Amino acid sequence: SMEPAMIPHEFERLDPEVMAARAAELGRVMQRRRSVRSFATDPVPRELIEKALLIAGSAPSGAHLQPWTWVAVSDPELKRRIREAAEAEERDFYEHRAPDEWLAALAPLGTDAVKTHLTDAPWVLVLFRHRWEVLADGTRRKNYYSSESCGIAVGFLLAAIHQMGLAALTHTPSPMAFLAAILERPSNEQAYVVIPVGYPARDAVVPDIQRKSLEQIVVWR
Ligand code: IYR
């Protein structure tokens, strides 16, 4: 079998002080990130969204198969249809399907079935996970860890959006099958998450929550 093509890895070692300073700066930035549910309608240039999506596309993926498609929605009519369908699912969720235990967990966030972010935010990014690929000859090729890969890509995207000075929400209306229908995606693609992106509304509020401390999230052995 052929040897895989390998090239030298251009890796720059940093001074420990520089490493600590960079970690501290990124830490300060990331600790200011909040999920935003109330967006201003101000436009965001497509060029900025392109930059964020390229960063998301730099995420590692199972066997480097990059099992993802982002649909970047700015068309008001498409956003309206997505909101209408999402709110129908969410009403059923909040009124019938959600167990009391789940509703209790969501209570501190103040969420409900009204999803203004889906029409107010200038961009609604919908990530589709490729369950498999369809090759040129029509046969199927397997993907590996496509859910984990998409989750990592979402993390990269959220960090990029925040670092750029924009706000986002990870929104998972459930079930999400309506998204593939509205956005006309092929059957190998399954909606993974909906991410409205834009500026927070001027009067936006966020829940008063705390993040776990290092001691609460790490065990050293
Ligand atoms: N999908 C619903 C409910 C919901 C679920 C979780 I887990 C959240 O962190 C937030 C909301 C909704 O979008 O309202």
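**Figure 1. Burial and overall build of the protein chain.** Of the 221 residues in the chain of this predicted model, 35% count as buried, where buried means under 20% relative accessible area, exposed means over 50%, and partly exposed lies in between, with a 1.4 Å probe and protein chains only. The accessible surface of the protein chain comes to about 14500 Å², and 56% of this surface belongs to carbon and sulfur atoms; such areas come from the Shrake-Rupley method with a 1.4 Å probe, and for residues only the protein chains shown count as cover. Taken along the principal axes, the box filled by the C-alpha atoms is roughly 55 × 55 × 40 Å. Residues are numbered from 1 along each chain as its sequence is written, and side-chain values use heavy atoms, with hydrogens and water left out. Because the model is predicted, local features need pLDDT of at least 70 and side-chain atom pairs count only at pLDDT 80 or more, whereas totals for chains, interfaces and linings use all residues.

Figure 2. The protein chain has eight helices and six strands, which are DSSP runs numbered from the N terminus (helices: H or I, at least four residues; strands: E, at least two). Read along the sequence, these elements follow the pattern α-α-β-α-α-α-β-β-β-α-β-α-β-α.

**Figure 3. The surroundings of His162.** His162 is found in helix α6, which spans residues 146-163, and this residue counts as buried because its relative accessibility is 16%. Leaving aside residues up to four places away in sequence, His162 touches Val29, Met30, Arg32 and Arg33, where a contact means heavy atoms within 4.5 Å.

**Figure 4. The shell around the ligand.** The residues that surround the ligand are Glu90, Phe93, Tyr94, Trp102, Leu106, Asp112, Lys115, His171 and Thr172, each having a heavy atom within 4 Å of the ligand.

Figure 5. Oxygen atoms of the ligand lie 2.4 Å from an N or O atom in the side chain of Tyr94, 2.5 Å from a polar side-chain atom of Lys115, and 3.1 Å from an N or O atom in the side chain of His171. The protein covers 71% of the 380 Å² of accessible area that the ligand has on its own.

Notes: A polar contact is a pair of N or O atoms within 3.5 Å; within protein, one must be able to donate a hydrogen and the other to accept it, and residues adjacent in sequence count only if both atoms are side-chain atoms.
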